[in-house]
Amino acid sequence: IVDFDELSNSSRSARRMTCSLPLASLSVMLLPLSAAVAFSLTMLLGRKLALTDNSTSIVFYTSLGGVLASGVLVPLDWTPPTLDHLPWLVLIGLLGGFGQMLIIQAFRHAEASMLAPFEYSSIIWAILFGYLFWSEVPDEMTLVGATIVVGAGVYIAHREARAHRTV
C-alpha cells in the first residue's frame, strides 16, 4: 500500500516510489495479456501439430513447456506437496492429460474458430466450480466480462458455421 503522503515528499524514496507505481501497474496489466497470448499461441500450435504429429508427443511437449514456464516462478513461493496431496496431483495430471488429448483430437476434425466457444465454456465451469466448492460469488464486472467473451465466441462460431454452409 502506497503512503500518498510520502509521494508528495520530494525525498529520494518518494521519487523511487513515484517511478515504480506506473511500472507495477503496467506489469499487473501485462500478466493477463501475456497469459492470453501464450494460450492463443498454444492453441494455434496445437492445431498445426495435430495435423502432422501424434497426440502423445503434442501433450508431452505442451506439458513440458508449461512446466518450464511455470518453473521460473517456483523459487518465489514454493510449498512442497505432502503425501496427502499425491492422489489429487495424480488425478489432476490424468484428467488434464486426457483433456489435452481430447482437445488435440478436436483440432484434427474442426477449425479453431469452431472450437473456441467450447474453450470459452471453461469460464462458465470456473464460475460454477468456484461457487460449488469455495462459495465464491463472482462480482458484476466478472459476469459482464464473461458474458461478453462467451457471447463473442458463440457469435463467431455461428458466423463461421453459416459461412461454411453457404460455400
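Start with the whole chain and its contacts (heavy atoms within 4.5 Å): among those between residues at least 6 apart in sequence, 64% join residues at least 24 apart. What you have open is a predicted model, in which local features need pLDDT of at least 70 and side-chain atom pairs count only at pLDDT 80 or more, while totals for chains, interfaces and linings use all residues. Residues are numbered from 1 along each chain as its sequence is written, and side-chain values use heavy atoms, with hydrogens and water left out.

Now switch to a cartoon view. You will find 6 helices and 0 strands, in the order α-α-α-α-α-α along the sequence; helices are DSSP runs of H or I with at least four residues, strands are runs of E with at least two, and numbering goes from the N terminus.

Of the 167 residues, 11% count as buried; buried means under 20% relative accessible area, exposed over 50%, and partly exposed in between (1.4 Å probe, protein chains only).

Select S55, in helix α3 (residues 55–71). Is S55 buried or exposed? With a relative accessible area of 10%, S55 is buried. Leaving out residues up to four places away in sequence, S55 touches M101, I104, Q105 and R108.

Move on to helix α5 (residues 112–134) and pick L132. L132 is exposed, at 53% relative accessible area.

Step along to S135, in the loop between α5 and α6 (140–166). S135 is not a glycine, yet its phi is positive, about 55 degrees. S135 is also exposed, with a relative accessible area of 60%.

Finish at the largest pocket. Which residues lie nearest its centre? Select F39, M43, L115, A116 and E119, from a lining of 17 residues. Helix α5 gives the most to that lining, with 10 residues, while α2 (12–50) and α4 (86–109) are among the helices that each supply at least two.

How values were computed: 1 Å grid on protein atoms, 1.4 Å probe; cavity = no way out; pocket = protein on both sides within 12 Å on 5 of 7 lines; lining within 4 Å.
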